Amino acid sequence: MEAQPYAAAPADSPVLASLPVEPLLTSEFDADPGAVYRRLRRLHGPVAPVGLMGVPVWLVLDYREVLDVLRGEGQWRRDIRYWRARAQGELPPGWPLLAGYEVRQTMFMDDEEHRAARQTLHAALRPFQEARGPQGWELRAAVSRYADDLVALLAAESGSAGFADLGAQYTRPLLLMVTTRLFGCPVELGDELVMDLWRMLDGGLGAEPATARALAAFTRLAVHRRARPGDDLTSYMLLADPHLSDEQLGRELFMNAVYLNDITGNMVLNTLLEVIRGNATVRRSVSAGQLGETVDRAALANPPVANMCFRFAARDVPLGDYWIRSGDAVSPSAAAAHQDLLAIGSTTLVDPAFSARSHLGWGAGQHQCPAAARELAGLLVTHAVGRILDHFATVELALPPDQLPWRAGPVVRGLRLLPVRYELNRPARQHRGDTLKETDRQTTGLLAGLRRLMFRTQA
Ligand code: HEM
C-alpha cells in the first residue's frame with residue numbers, strides 16, 4: 001500500500017496546503033464554469049490548486065495534462081487509501097463528498113482487482129448488447145415503449161401543444177424506469193430505491209444518510225436476486241462472479257445507478273439542447289440519422305462528468321507548473337480540457353465542422369467508461385432523443401439559452417430543467433389500459449410515484 005519514493009519534489013517547490021486556494025464551487029462557477037477555468041489557467045497554468053468545500057485539491061485543466069493523468073495508471077491511483085489528507089485525519093469532520101468516495105467499487109480500485117470488476121460488468125451487460133438476442137431486443141423495445149408512454153402522459157396532461165420540462169417530465173422518469181427494469185427491482189424495492197437515489201443525487205446536506213440508505217436498498221436487491229435470479233443485470237453480475245458478496249454487489253449497483261440516471265440523463269438533456277438549439281447542419285445530420293455525432297458534439301460542449309473523481313499521486317511528480325506531492329488528490333477536468341482543446345466558451349455551440357470524437361466525455365485510460373456501458377448509454381441517449389424527434393412536430397426552448405438553469409457540482413454539470421414549447425406530430429397514443437402486461441403495470445405505478453417525487457424535488 002505504501003507508495004515508494006521516486007524523484008522527490010525540490011524542497012523549495014510549494015506544497016498544496018501552503019498555497020492560497022480559491023473555492024471552486026461558487027455562484028460564478030454555477031453560471032459560467034468556463035470563465036473560472038480560464039482565470040485559473042491564467043493564474044496557475046495547466047494545473048491549479050482549488051478548494052472543494054474546504055479541502056485543497058489540484059484541478060487539472062489542460063487537455064494534455066488531463067490525458068497524462070487519465071492514462072498514467074501506475075502514477076495516478078484510484079484507491080482512496082492513497083489520499084494523504086484522509087489517512088492523516090486532515091479532512092473536516094462530516095466533509096460532504098467523503099461519503100461517496102468511501103463507497104469502494106470499481107471506480108476506486110486499482111490493478112488486478114479493478115480489471116476483474118470491469119470484466120464482471122462487461123460479462124453481465126453482454127446479453128443486453130445483442131440487439132437480436134432476447135434481452136437486448138426486450139430492452140430496446142422497453143426503452144421505446146417507456147418513451148412513448150411518457151409522451152402520451154405529457155399529451156394527456158398538457159395537450160398536443162404546450163409547455164413541458166423535458167427533464168422532469170421525460171428524461172429522468174425514463175431512465176429510472178429503465179434502471180428498475182434493467183436491475184430487476186421488484187416494485188416494493190423500486191419505490192424506496194428511487195426515493196433514496198434522488199435524495200443522494202441532490203448531494204449536500206443529508207448526502208451521507210441518503211448514500212447509506214441507497215446502499216442498503218441495493219444490497220437488499222442483491223440478496224433478493226441471489227434468491228430469485230432473473231434476466232437482469234443484478235442476476236447476470238452474480239452469474240459472472242458468484243463470489244461477489246451482497247454488499248459488494250450493492251456497491252457496484254449503486255455506482256452503476258448513478259451513471260445510468262444522473263450522468264446518462266444529463267447526456268440526454270445536453271444532446272436535446274444541442275439539437276433544439278442546433279443550426280441547419282446539426283438538424284440535417286440528425287435527420288440523416290447521424291445522432292451519434294450530435295451526442296459527441298454535446299459531450300464536447302458540456303461533458304456530463306465535467307470534473308472526474310480524484311486520482312491520488314503514488315509519488316511526487318511534476319505536472320503543469322507545480323510539483324504534486326505523493327498522496328495529493330487531483331481532479332482531471334474534462335470540461336476545462338475541452339475548453340483548452342477548442343477554445344470554446346461554456347455556452348457556445350461547437351462548430352459542427354469539427355470532429356467531436358476527441359472528447360473526454362467517456363474518460364480515457366484504464367478507468368474510462370467500459371465499452372459495454374458506453375454502448376448501453378449510447379443506445380439510451382439515441383432512443384430517448386430519437387423518440388422526442390419522432391413525436392414532436394416542433395420543439396423550441398421556452399427560455400433564452402443563457403437563462404437555462406445548470407447544476408454545477410464538484411463532478412457533474414447538467415441541466416436542472418429543459419423547458420420547451422412543443423407541438424406534437426399527432427395525438428400520442430393513450431396508455432394501453434387493460435392490455436398492459438404485468439411489468440408495464442408495475443412500471444406505470446412506479447412512474448406515478450416518480451412523477452410526484454420529481455415535482456417535490458424541484459420545489
Ligand atoms: C452518457 C452516459 C455516460 C457517460 C457520459 C459516462 C462517462 C463516464 C466517465 C467520464 C467515466 C470515467 C470516470 C473517471 O475516470 O473518473 C465513466 C466510468 C464508468 N462508467 Fe460511464 N458514462 C455513462 C454511462 C454509463 C452507464 C450507463 C454505465 C453502467 C451501466 C456506466 C458505467 C461506468 C463504470 C462502471 C465506470 C467506472 C469504470 C472504471 O473505473 O474502471 N457508465 N463513465
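In this predicted model, helix 6 (residues 111–129) and helix 16 (residues 371–391) pack at an angle of about 35°, their axes lying 9 Å apart. Axes are lines fitted to C-alpha atoms, for helices over the stretch in contact, and angles run from 0 to 180 degrees between N-to-C directions. Helices (H or I, at least four residues) and strands (E, at least two) are DSSP runs, numbered from the N terminus. The crossing of helix 6 past helix 16 is left-handed, a term used if the near helix is turned anticlockwise from the far one by less than a right angle. Helix 6 contributes H122, L125 and Q129, which meet A371, A372, A373, E375 and L376 of helix 16; contact here means heavy atoms within 4.5 Å. By class, this contact comprises 5 nonpolar, 2 polar and 1 charged residues. Ala, Val, Leu, Ile, Met, Phe, Trp, Tyr, Cys and Pro count as nonpolar, Asp, Glu, Lys and Arg as charged, and the others, Gly among them, as polar.

Residues are numbered from 1 along each chain as its sequence is written, and side-chain values use heavy atoms, with hydrogens and water left out. Local features need pLDDT of at least 70 and side-chain atom pairs count only at pLDDT 80 or more, whereas totals for chains, interfaces and linings use all residues.

The loop between helix 15 (334–342) and helix 16 holds C369. The SG atom of C369, at 2.3 Å, is the only protein donor of the iron atom of the ligand; donors are N, O and S atoms within 2.8 Å of the metal (3.2 Å for Na, K and Ca), and water is not among the atoms, so sites may look incomplete.

Helix 15 contains A335, which is buried, with a relative accessible area of 17%. Buried means under 20% relative accessible area, exposed over 50%, and partly exposed in between (1.4 Å probe, protein chains only). Leaving aside neighbours within four places in sequence, A335 is in contact with Y37, P303 and A306. A335 and R413 are 78 residues apart in sequence, with a C-alpha to C-alpha distance of 9.1 Å.

The largest nonpolar core has 102 residues, and W83, L166, F183 and L418 have the most contacts inside it. Helix 12 (residues 246–277) supplies the largest share of this core, 13 residues. A second, separate core of 25 residues includes V60, L70, M308 and A364. Such a core is a set of buried Ala, Val, Leu, Ile, Met, Phe, Trp, Tyr and Cys residues joined through side-chain atoms within 4.5 Å.

Overall, the protein chain has 17 helices and 13 strands, and buried residues make up 57% of its 459 residues.
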